[in-house]
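Subject: Structure handover

Hello,

Here is the structure you asked about. My notes on it follow below.

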Amino acid sequence: MKLNKVILLLVLSFGLLFAGSNEQININFKGLKISDLIKITSKIIDKNILLTYKVNGTVDFISNKPVYKDDILNILIYVLEEKGYTIIENDGLLRIVRINDVSKYNAPVFSDTSNITSAQMLTEVFVVQHSNVDYISSKIRHLISKSAKLVTDKNSNSIVITDFLANIRTIKKVIGIISEDSKKTIEIVNLKNIQASAIVSDLKNVAKTIFNEKIEKEKVAILLNKDTNAIMLVGKAKNVNFLKKYLLDIESKGSLVEKVVNVVYLKNAESKNIITILNGLISNKKYKDQNDKPFASTDEESNSIILMGQKEELKYFTSLIEKLDIDRQQVYVQARIIEVSEIRTRNVGIKYGLMGGRSSSSGLLTFAANLGGNAIAIDTAAMGLPIPNVTKGLALGATINLLNQNGAADIVSEPSLLCINNKQSSIYVGETRSIKTGTTTTSGGNINDVYKREDIGLTLKVKPRISNGNKVLLEISTKLEDVGQTTTNGQPNTSKKDIETTAIVNNGESIILGGYIKNKQETTIDKVPLLGDIPLLGSLFRNNSVVNDKINLVIIITPYIIPKSKDLTYVRNQLAQLKLLENKYTKDTILRLEEAKLKATKDDVVREKKIIKLKDNIQSLNQNKEKQISDTELHNRRVKEMFGI
């Protein structure tokens with residue numbers, strides 16, 4: 001085995017000695033000692049190699065194509081690198097040293113390694129362009145080999161690195177890419193139509209918004225030169241060109257500081273409300289130059305806003321006015337003011353067998369609940385208004401109609417209001433009365449009464465606010481003023497009742513307000529027909545009674561949202577159809593109640609017949625029992641007589 005290696009070594013050495021540096025040779029070896037490879041390499045490159053360390057191990061090299069003579073040294077360097085050694089050259093002498101100690105043995109220093117072909121470790125010094133050397137070194141340290149050394153020089157912005165040539169070239173390539181991307185360019189933009197001082201702040205805000213300032217290379221420095229009315233841009237070429245184009249585009253449109261006057265005519269909003277908002281914004285905004293502060297005024301006769309100021313800033317305020325001057329949706333509010341008698345309501349409930357006989361809002365709701373349900377099928381498909389609870393509304397309307405037909409409810413008024421969304425509307429229902437406030441004595445001794453005209457009645461205020469989901473928020477305020485009994489001094493007592501509430505209801509859903517109660521005395525006459533009308537003698541067949549009743553004033557408010565594509569006429573037509581449905585619902589309800597009443601009467605008759613029959617059976621049974629007792633007593637008496645007892 002040793003003989004074969006010696007022969008291989010001699011043959012290989014002999015062949016390589018006669019090969020030129022650019023000639024190719026075929027080599028293959030297996031199990032060759034590294035020390036033998038060092039000897040062969042020394043002969044091939046014709047240089048002395050100093051071996052101060054014993055390098056153990058063998059090496060295999062399998063080649064399927066020829067290699068150049070100059071590659072033999074690189075093969076040896078790669079083999080030694082695996083063992084922790086490398087080769088350095090000083091004054092034509094090659095020396096094998098530990099990789100970790102290369103910097104101690106005067107590794108060759110180059111400023112340009114582009115023409116170097118050797119794979120041995122060396123030192124290169126190069127300057128980093130367009131970027132900070134410390135920033136660059138932090139990005140490439142992971143690319144150097146384990147035993148490499150890297151030092152930076154801030155003054156010259158240079159890097160000193162000792163490593164294998166292949167690693168150095170990779171690092172230089174990466175640095176070139178990073179540096180090129182960080183290359184800064186300078187652009188000076190001279191302005192003619194706009195003031196540089198007026199646009200520089202806006203330009204900086206644009207740069208902050210578009211470019212990520214946390215990345216150093218993305219930053220763009222924006223410098224102002226007031227003397228030449230110019231702006232200097234320093235930064236990445238792509239970013240600088242973007243800002244330059246933006247700046248030139250504004251320059252071409254004209255002066256930003258040019259004073260202009262705009263008149264904005266309002267269609268929906270009131271100018272006095274809009275001007276309050278504008279003046280609040282203008283007063284809170286800070287201006288470096290108070291002359292740049294815009295001016296806003298209003299002309300209520302034409303319902304317009306007058307703006308004066310810089311063209312670009314007026315665009316902002318004009319856009320704001322257009323957003324505020326939107327077409328506001330409307331709400332049609334129906335109100336029904338009803339006086340409900342407690343006694344008559346109770347009688348209606350007794351008549352039809354219904355609950356809720358109190359003259360209050362809850363009584364109306366109870367009636368409506370009893371009249372509602374799914375017993376009556378009402379076709380609401382033709383309704384064009386998006387009312388979610390039509391059946392409940394019809395039941396409430398039928399309740400009012402039923403009480404009205406039976407004299408238990410009196411519809412005082414049915415006012416309606418067309419309200420603008422989020423704006424209060426009010427209505428007053430009442431009369432003006434003369435109220436005695438005192439007396440005066442004339443010079444002739446006559447006493448005259450002093451009167452004052454006062455409005456007595458109901459004031460209703462409604463503020464609707466349309467919310468999401470086809471719902472309406474209602475802010476309701478009601479005030480009822482009335483005159484009571486007259487006191488001993490001849491002056492009447494007055495009363496005032498207020499209700500303020502807020503409720504969220506569906507479109508077409510009613511809210512009921514109650515609690516306005518007053519006592520009322522009524523004289524009722526019960527008489528025998530015909531006989532009670534006879535003069536003089538008729539009083540014997542009549543009975544007069546005084547009834548104390550309570551009258552509850554109930555206010556029912558129902559909002560209807562007017563669709564944006566429709567008008568008030570459309571809503572009224574739809575509500576007329578709804579009224580027809582309500583009347584039909586009322587008639588069907590009365591019919592159903594009468595049928596239920598008739599059925600209850602029939603059930604009572606059947607029940608009475610059963611009770612009478614049961615009483616007859618009990619009486620017959622009692623008679624039979626008495627007869628049996630009498631027969632038994634007669635038999636016992638006869639037995640006693642026979643036996644002489």
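A search of the whole structure finds two aromatic pairs (rings of Phe, Tyr and Trp, the last by its six-membered ring, with centres within 6.5 Å; planes under 30 degrees apart are stacked, over 60 edge-to-face, the rest tilted). F211 and F242 form an edge-to-face pair, because their ring centres are 6.1 Å apart and their planes stand at 80 degrees. This pair links distant parts of the chain, 31 residues apart: F211 is in the loop between α6 (196–210) and β13 (220–225), and F242 is in helix α7 (residues 237–253). Helices (H or I, at least four residues) and strands (E, at least two) are DSSP runs, numbered from the N terminus. The rings of Y316 and F317 are also edge-to-face, with centres 5.1 Å apart and planes at 65 degrees.

This is a predicted model, in which local features need pLDDT of at least 70 and side-chain atom pairs count only at pLDDT 80 or more, while totals for chains, interfaces and linings use all residues. Residues are numbered from 1 along each chain as its sequence is written, and side-chain values use heavy atoms, leaving out hydrogens and water.

On accessibility, buried means under 20% relative accessible area, exposed over 50%, and partly exposed in between (1.4 Å probe, protein chains only). F211 is buried at 8%, whereas F242 is partly exposed at 40%. F317 is buried at 2% and Y316 is partly exposed at 48%.

R336, in strand β18 (residues 330–341), is buried at 14%.

Regards
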